[in-house]
Amino acid sequence: MATQLLSVGTAVPNSRLPQSDVRDFFASQPGVDRRTARLIGAAFDQSAIAHRHTAIPLLDGEEGVFVDGDGRLHAPTTGERNAVYRAEVPALFAAAAEDALARAGRSASEVTHVVTASCTGFFAPGPDFLLVRDLGIPAGAERYHIGFMGCAAAFPALRAAARFCEAQPGAVALVVCAELCSLHIRSSPDPEQIVASAVFSDGAAAAVLASDDRPRAGASLEVGAFSTSITSEGEDDMDWSIGDEGFEMRLTAEVPRIIGREIEAVAGPMLSGGAADAWAVHPGGRSVLDRVQAGLRLSDAAMAHSRAVLRDYGNMSSATVLFILQRILADDALGDRARVAGLCFGPGLTVETALFTRREGAA
């Protein structure tokens, strides 16, 4: 019995911010000169993002850890930021997991493996422990946490879950990715920090994988091959380090160019069995999607779900590609046996790929 990705559940914080309002907020910060204001305007206006969600009170005018009553952005310490992560992220992990289990028609008591992923905060016992404790997952379920793999972490998490299901027929694996990227925002004239402020956001997504033969209602994704590759350049162009005032994301303008130059060589072997009918491409930013589309000569339709998630949610790091897979599962136009290809990009520069086959369930 092939392993099936039965469902994807999602969750986002309640605060939904129009991109134009966030742009104006950063442009209004003390010390922003004309050059920086122009960079902010360009980064936000060319992002292809309409809205993003955040777990922090950014534009409500209230004094807090991140913003004072006059709308000036503070510079919280890493400890202060991580305390907010510890307080806010468990609910997102749980909400996404519960949504995925409900969509799969599975109960928490059936889960045999839990795989979590996050790179925007740390605590122990971690989210894997809290999911078992709070959702009613058996205490003996195997737990694994994938930390600090950045935007690419969802596919290694799915790969691990699929391996567990293949090795143990009847296993039910729960994968949950949750990120609070906005915890690490800062006011800066650095173009790389401005781009990070323009694209990153908060959200969580979960997937349920199983290797049993229980009849399923609705579409699922039959799990195929995974691969991982490191590009010949890029180690210094995308990295993620811990500073005294939050985690510092380095995302240079070379990243889209490197992806565009090398993506055909990386993705080519994945497509040796034929063209894909749908694509889930991690939207590291609009330029990343543009370069992938050009490098692989993909149609606008092939990129539609990836661009829609970027538009509506921004870049939620590891959770983002699961939002795209959720849209693909709901796309009845694809039909049975549609071939689905996935691409994620992470620090290094690492490229993760995945193949799925969309299957229609019982009527």
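In which hand does helix 9 cross helix 10? Helix 9 passes helix 10 in a right-handed crossing, which is the topic of the opening view. This is a predicted model, where local features need pLDDT of at least 70 and side-chain atom pairs count only at pLDDT 80 or more, while totals for chains, interfaces and linings use all residues. Residues are numbered from 1 along each chain as its sequence is written, and side-chain values use heavy atoms, with hydrogens and water left out.

**View A. Helix 9 packs against helix 10.** Helix 9 covers residues 300–313 and helix 10 covers residues 320–330; helices here are DSSP runs of H or I with at least four residues, strands are E runs of at least two, and both are numbered from the N terminus. Their axes sit 9 Å apart, at an angle of about 125°. Axes are lines fitted to C-alpha atoms, for helices over the stretch in contact, and angles run from 0 to 180 degrees between N-to-C directions. That makes helix 9 and helix 10 oblique to each other (under 35 degrees is roughly parallel, over 145 roughly antiparallel, 65 to 115 roughly perpendicular, the rest oblique). As for the hand, a crossing is right-handed if the near helix is turned clockwise from the far one by less than a right angle, and left-handed if anticlockwise.

View B. Cys344 has the sulfur of Cys151 as its nearest cysteine sulfur, at 8.4 Å. Cys151 counts as buried at 8% relative accessibility, and Cys344 is buried too, at 0% (buried means under 20% relative accessible area, exposed over 50%, partly exposed in between, with a 1.4 Å probe and protein chains only).

View C. Leaving out residues up to four places away in sequence, Gln19 touches Phe44, Ser47, Ile49, Ala50, His51, Arg52 and Ala198 (contact means heavy atoms within 4.5 Å).

**View D. Helix 4 has a buried side.** Helix 4 runs over residues 127–135, and its buried residues are Pro127, Asp128, Leu130, Leu131, Val132 and Leu135. Their cover includes helix 3 (78–104) and strands 4 (113–118), 5 (142–147) and 6 (172–180). Gly136 follows helix 4, with a positive phi near 85°.

Definitions and conventions
Disulfide = S-S within 2.5 Å.
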